[in-house]
Structure formats: structure tokens, C-alpha cells
Amino acid sequence: MKRKNGKLLSHIVLVVLCVIIIYPVFWWLGAVFKTNAELTSPDIWPKHPTLDNFPGGWNAITGYSFGHFYINSFKLILSVLFTSILSCSLVAFGFARMKFPLKNFWFSIVLLTLMLPNQVTIIPQYVMFNKFGWVDSYLPFIVPHALAGGIGGSFFIFMLVQFIRGIPHELDEAAKMDGCTSFGIYWRIIMPLLVPALVTMSIFCFLWNWDDFLGHMIYIQSIDKYTVGLALKVFVDAQSSTPWGQLFAMSFLSIMPGTIIFFVAQRYIVEGIATSGLKG
């Protein structure tokens, strides 16, 4: 009896905690359809729902529609994604299949960078990119990923190395007997077999770079190059009243790509990580 009462009490506590945690999210969803007059109400759902926040927010920034910032975000993310896939897979192939001096040492250095906080590298990176003249461009994001760096680069290399180690070496030997070079083995043998891990990597790369508000705010200065996250910042003006309803509506649209990708591809995320961890 005491055991049942203990389980019941624990479930009640968990339900209460879930309500407390989820309440702000539901209030935000309700605020998307509220007028500015109703935003001060603690009610979750508006009494008079409206869709005016969406067209108003879409064209709220003078000279630009919100679609312009969507296009900027996708141009940046797809460039980063393409370069990251090529560079990280190539580096992972080198660590998993090639023999060179101090290989284990350099792989340990790559793993150590996983424990390096991003805040430590922000200032030196900004100073370096500023000297290169890359500030107010997308190069500070694209070039590091093209060199197997950037957000999640070390993690992607580790994940792909683990996956490649599980691919039989006999495939490499057979390809060499047919006259295939090392790069040919990477491109024709390893890359097609890497597709499950690359799908997982692509999902993480998209989500992490889409949500990189701090990095975009540091390097992108012209409003013409703003991404979705930076466009939301334009709505908040200390000199005038903020159109909170429009801001909430556009923030709802801004999270839709990541939300859709997560729910559609969450099975691939779990399977990709689990498979990579078991390989080798």
C-alpha cells in the first residue's frame, strides 16, 4: 500500500512539474493569435483569436519581407551543410583508414576540442576574421566548416570515424586490387556506405546552425544579409512600442523548419548515433 501511495505521489509531482514547464510554451502559442490588448492576459488561449499577426509580421520590416531572411538562412545553412559533409567525412576517412605519424595524438586533439567551450574561441576568431575582412559576410561560417571545423565539427568527425571503423577492410583491399586510389576508395566505397551517418550529421548540422543566433549576431551586420534569428531582433525596438503579436507569429514561423525536421527525422537521429557508437 505504501509503495502504491509513493508511486501515486511521484506521478502527481511529475505532472505538476510538467504543467509548470509546459505552461510558458502553450502561453506563447496562444500569444501568436492574440491582439496586443490581450497579450497582458494570463489566459493561454485568446478570447478573440486573430491571424493578423502573420501578414503584419511578414511585412513589418521596411523594405524586406520575412521571406528574404528565410532565403538568407537557407543559403547560409545549405552552404555550411555541404562543405561540412565533404570536409568532416574526408577527415574521418583519414583517421579511420589512413596511416600517418602521430595519428592517435591528432585524433585525441580533435576529441579534446569537444570539451572546449565555444565562448573561449569567440574573441580570437573574431579578431582573425576581422583582419581577413570577412566580417559582415557568411565566410566566418562557411570556411571553418569547409575545414572540418565550425559548430559540431569535432563531434561529426568522431561520429563518422566510429562508423567507418565498422566498415569491413576487405572492401578497401578489393578496391585496391582493382586499381582504386585512396581517394577513390573514399568516394566510391566509403561515402555510399556513410549515408545513414551523413543523414544524422546533416540533421544536427542544420539544427545547430539554424539556432546559432550569437554567431550570426557577431559577424552579420547588414540587414540585407540578416538570417531569420537576426530578423526577429529587429522587432524589438527600445525607442518605440514592440509589436509583440507579430514578433511571436514570426518566431513561430522561425522554429517550424527545425521542428519539422526533428519530428520527421528523429528516428534517423537515434539510429545514427546508436549505430555510430557501436561501430569499431
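Ala, Val, Leu, Ile, Met, Phe, Trp, Tyr, Cys and Pro count here as nonpolar, Asp, Glu, Lys and Arg as charged, and the others, Gly among them, as polar. The structure is a predicted model, in which local features need pLDDT of at least 70, side-chain atom pairs count only at pLDDT 80 or more, and totals for chains, interfaces and linings use all residues. Residues are numbered from 1 along each chain as its sequence is written, and side-chain values use heavy atoms, with hydrogens and water left out.

A cavity is a set of points where a 1.4 Å probe fits but cannot get out. A pocket is an open set with protein on both sides within 12 Å along at least five of seven lines. Lining residues have an atom within 4 Å of a point. Grid points are joined across faces, edges and corners, and a volume is the space filled by probe spheres set on the points. Helices (H or I, at least four residues) and strands (E, at least two) are DSSP runs, numbered from the N terminus.

One cavity of 30 Å³ or more is counted. The largest cavity holds about 50 Å³ of space. Its lining consists of Ser-73, Leu-76, Ile-77, Asn-209, Trp-210, His-216, Thr-227, Val-228 and Gly-229. By class, four of these residues are nonpolar, five are polar and none is charged. Helices α3, α10 (195–210) and α12 (228–235) each supply at least two lining residues. The largest share, three residues, comes from α3.

The largest pocket has a volume of about 900 Å³. The elements giving two or more residues to its lining are α5, α6 (139–146), α7 (153–165) and α11 (213–219). The lining comprises 33 residues, and Asn-118, Thr-121, Gln-125, Gly-150 and Ile-151 lie nearest the pocket centre. Helix α5 contributes the largest share, six residues. The lining divides into 20 nonpolar, twelve polar and one charged residues.

The second largest pocket has a volume of about 170 Å³. Phe-93, Arg-97, Met-98, His-169, Asp-172, Glu-173, Lys-176, Ser-182 and Ile-185 form its lining. Here three residues are nonpolar, two are polar and four are charged. At least two lining residues come from each of α3 (66–97), α8 (169–177) and α9 (182–193). Helix α8 gives the most, with four residues.

Helix α5 was next examined for its geometry. Just after α5, Gly-133 takes a positive phi of about 80 degrees.

Two positive phi values fall on residues that are not glycine. Accessibility is classed as buried (under 20% relative accessible area), exposed (over 50%) or partly exposed in between, with a 1.4 Å probe and protein chains only. Asp-136 has a positive phi of about 70 degrees although it is not a glycine. Asp-136 sits in the loop between α5 and α6. With a relative accessible area of 16%, Asp-136 is buried. Leu-102, also not a glycine, has a positive phi of about 60 degrees. Leu-102 belongs to the loop between α3 and α4 (103–112). At 56% relative accessible area, Leu-102 is exposed.

Two further residues were placed by helix and by distance. His-145 lies in α6 and counts as buried, at 2% relative accessibility. His-145 and Thr-62 are 83 residues apart in sequence and 33 Å apart in space, C-alpha to C-alpha. Leu-8 lies in α1 (residues 2–31) and is exposed, with a relative accessible area of 51%. Leu-8 and Thr-181 are 173 residues apart in sequence and 64 Å apart in space, C-alpha to C-alpha.

Cysteine pairing was also checked. A disulfide is taken as a pair of cysteine sulfur atoms within 2.5 Å. The structure holds zero disulfides. The closest cysteine sulfur to that of Cys-205 is in Cys-88, at 7.7 Å, which is too far for a bond. Cys-205 counts as buried, because its relative accessibility is 1%.
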